[in-house]
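Colleague: I would like to learn how to read a model like this one, feature by feature. Could you take me through it with the general idea first and the case in hand second?

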Amino acid sequence: MTDASDPAKKSAMQRFLGMIEGLGNRLPHPTILFIGLTLFILALTAVFSALGMSVETPTGLYEVNNLIGNAPIELQNPRNGQVFASYDSGWQYLFNTLTPNFVNFAPFGMVVVIMIAIGVAEHSGLIGATIRKLVTSVPAYLVTPTVVFAGVMANIAADAGYFVLIPLGPLVFWGLGRHPLAGLAAAFAGVSGGFSANLVITSLDPLLGGFTQPAAAIGDGLLGTDFAATMNIATMNYYFLIISTFFVVLVGTLVVERIVEPHLGAYSPPENADVPAMPDGINADETRALRKAGFAALAYIALIVWTAIPVVSNIPLLGVFSTATLPAETVEALVARYGSVNLTHAPLFHTQIIVTMLFFFFLIPGLVYGRAIGAFATGADFVRTMEKATVSMAGFIVMVFFMAQFIAYFNASNIGIVIAMQGAELLEKMPADSTGGLIVLVFGFVVLSGFINLFMGSASAKWAILAPIFVPVMMTVGITPAATQMLYRIGDSSTNLITPLMTYFAFVITVGAKYRPGFGIGSLVSLMLPFSIAFMLGWTILFLLWAFTGLPLGPGEAIFFAVP
C-alpha cells in the first residue's frame, strides 16, 4: 500500500477516492439537506399542481396538491383512495401539521426509547466489558471470526463498537504475532460492513422500517394491496439479518486470512512507533459484574417466556404467543395477504411489544452491571447515563424534525404516487418478469444503494429519500417493501468500508497510523476494498438464493408477491 499523503505516489484508485471525498464534502449537513429538500418539494407541488398533474390508480384519482397555495386540498389514503383529511388551503395544512408531523413520526419514539436503555448498558461499561471478554478469551484459531462477530454484535451500540473494538482488534492480532492492520480490518469489517446484520433487533430496524411503511402505502395505492397495514417495521428483515450475521463473519474471516493478511506479510514495528500494549482482558471485578448481569438477563428472558405462554391468567403479557386474541379485522387482513394466520402474526412480534422488551433487555443487565462494578453508586448516577444517551441523540432529534416534515409533505403532495406510476411504466419495459430480469434488477438496486452511500453517510437519511421512490416502484414488479429495504441495507453496508464520509472513517485511520506511519485514506480503502466487493457480491447472491427458495425475510414477510 502506498502513502496516500504523497501526491506523486497516488494511484488511479486513490485519485478516484479523493474525488469522491471532495464531492461528498461539498454536500451539506444532513439536516440542511432535508431543509433544502423540504423547500424543494413545496416548490415542486406548486409547479406540478399548476400543470394539472394527476394519476389514475386502482384505488382512485390522485391530483398533485399545492401545499403552498390558497386552493383547498384533500389528503387521500393511498390504500383505498378515501379522503381522511381536508384543509381550506395548502398554507392551512402546513401550519396545522408542523408539530404532529414530528411528534407522530413513527421511528422517532421507538429509537429514543431503545437508545436510552442501550445508553445505560454502554455507559455502565457492560457493552465494552462484554466485547473485551469475548475477544480476549477465545482460542487463537478463533480470533479472526470472533473479532468480526464482536464487531457485528457491537452495532447494538455503534459508538461502543468503534471506540472499543477498532483499537482492540489490532492489539489482539499484534499480541498473537499477527499483523495488527489485519486485526484493524477484521474489526472494521464487522462493525461497519456488518452494519445491517445482527442476532437481535437494533434501533436501526424500526428506524428504517418507519420510512418503508409510508412508502409501502404509496405502492398499496397503486396496486390495491395492504402491505403498510400488516407490516411490522421492527422485524420485517429479522430472519435474514440473523443469517447475514454468520455470512459477514464467514466472508470477513476468509478475506482477512486468505487475502488481506497474506498481502500485508510479516509485521515489524517502525522505529520510534508508539505501539500500544496488549490488553489483559477484564479484571475480577468486571468478571463478577458480567456474571450478575448475565443472570439478570436470563431471569428477564424467563419472565417474558412465562408471561407470553397462552394460559388463563391476568398477567399483562398473557398469551402474546397466541393469535386467538387478534381482532377479527386484523385476522381478515392477514388471511387476505398471507392466506392464513400463524405464530409469526402473534402479538409478540408486534413492534411496540418488541421495543418494550428490548428496552428492559438492555436496561436491566446494564443497571445490574453498573451497580456491581460501582458505576452507579447512587440513583443519580443511573439517571445521568440515560441523560447522556439522550444528549448524544441531539443531532438525530434535530434531523428527524426536518426529515419528518419532508416525508409528510412528500406523501401529502401525491408526488410520490405520480413518480411511482412513471417508474412502473419504465419497469414494464424491462424483462423483470423473468428470473434473469429480476436478478439484474436486484443487483442494480444494490449497486445503486452502495454508490449513493459513497456520497452521503447517514443510512436513515438516504433511506428517507429513496424509500418513497423505490419501494412502490419495486412493488409494481412483485418485490415486497421488506425485500427492497433489505437490498438497500446490503448495498449501504457493503460500501461503508470504503467511503471517507463514514462518520468514524477518520478515527479508523488514526488507529491504523499507530502501526504504519503515513496510513491514510488510500491505505484504508485499499485495505478494505476486498471486503466491500466480497460483501456486496456474496450478500446479494445470498439474498437471491434466499428469495428463490421461498424463505421469509422476517415474521410473515416474503420477498416476492403476485402483483394484482
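Colleague: How many salt bridges does a search of the whole structure find?

Modeller: A salt bridge is a side-chain nitrogen of Lys or Arg within 4 Å of a carboxyl oxygen of Asp or Glu, and the search of the whole structure finds 5 of them. Before we go on, this is a predicted model, in which local features need pLDDT of at least 70 and side-chain atom pairs count only at pLDDT 80 or more, while totals for chains, interfaces and linings use all residues. Residues are numbered from 1 along each chain as its sequence is written, and side-chain values use heavy atoms, with hydrogens and water left out.

Colleague: Is R178 buried or exposed?

Modeller: Buried means under 20% relative accessible area, exposed means over 50%, and partly exposed lies in between, using a 1.4 Å probe and protein chains only. R178 is buried, with a relative accessible area of 17%, whereas E257 is partly exposed at 33%.

Colleague: What separates D285 and R288 along their helix?

Modeller: D285 and R288 are 3 residues apart in helix α12, and therefore separated by about one helical turn. Their side chains meet in a salt bridge at 2.2 Å, N to O; D285 is partly exposed at 44% relative accessibility, and R288 is partly exposed at 43%.

Colleague: How do I judge the length of a helix, and what does α9 span?

Modeller: The expected span is 1.5 Å times one less than the number of residues. For the 20 residues of α9 (residues 204-223) this gives 28 Å, and the end C-alpha atoms are 28 Å apart, which agrees. Of those 20 residues, 18 are buried, and α9 is followed by G224, whose phi is positive, near 80°. Helix α20 (residues 481-495) has 15 residues and reaches 22 Å from its first C-alpha to its last, close to the 21 Å expected; 15 of its 15 residues are buried, so α20 is largely enclosed by the rest of the structure.

Colleague: What is the volume of the second largest pocket, and which residues lie nearest its centre?

Modeller: Rolling a probe the size of a water molecule over the atoms shows where empty space is left. On a 1 Å grid over the protein atoms alone, where a 1.4 Å probe is used, a pocket is an open set of points with protein on both sides within 12 Å along at least five of seven lines, and lining residues have an atom within 4 Å of a point. The second largest pocket holds about 780 Å³ of space. Its lining has 31 residues, of which F84, P214, I407, A408 and N411 lie nearest the centre, and α16 gives the most to this lining, with 6 residues.

Colleague: Where does N414 lie?

Modeller: N414 lies in the loop between α16 (394-413) and α17 (415-428). N414 has a positive phi of about 70° although it is not a glycine, and N414 is buried, with a relative accessible area of 5%.

Conventions:
Helix = DSSP H or I, 4+ residues; strand = E, 2+ residues; numbered from the N terminus. Points joined across faces, edges and corners; volume = space filled by probe spheres on them.
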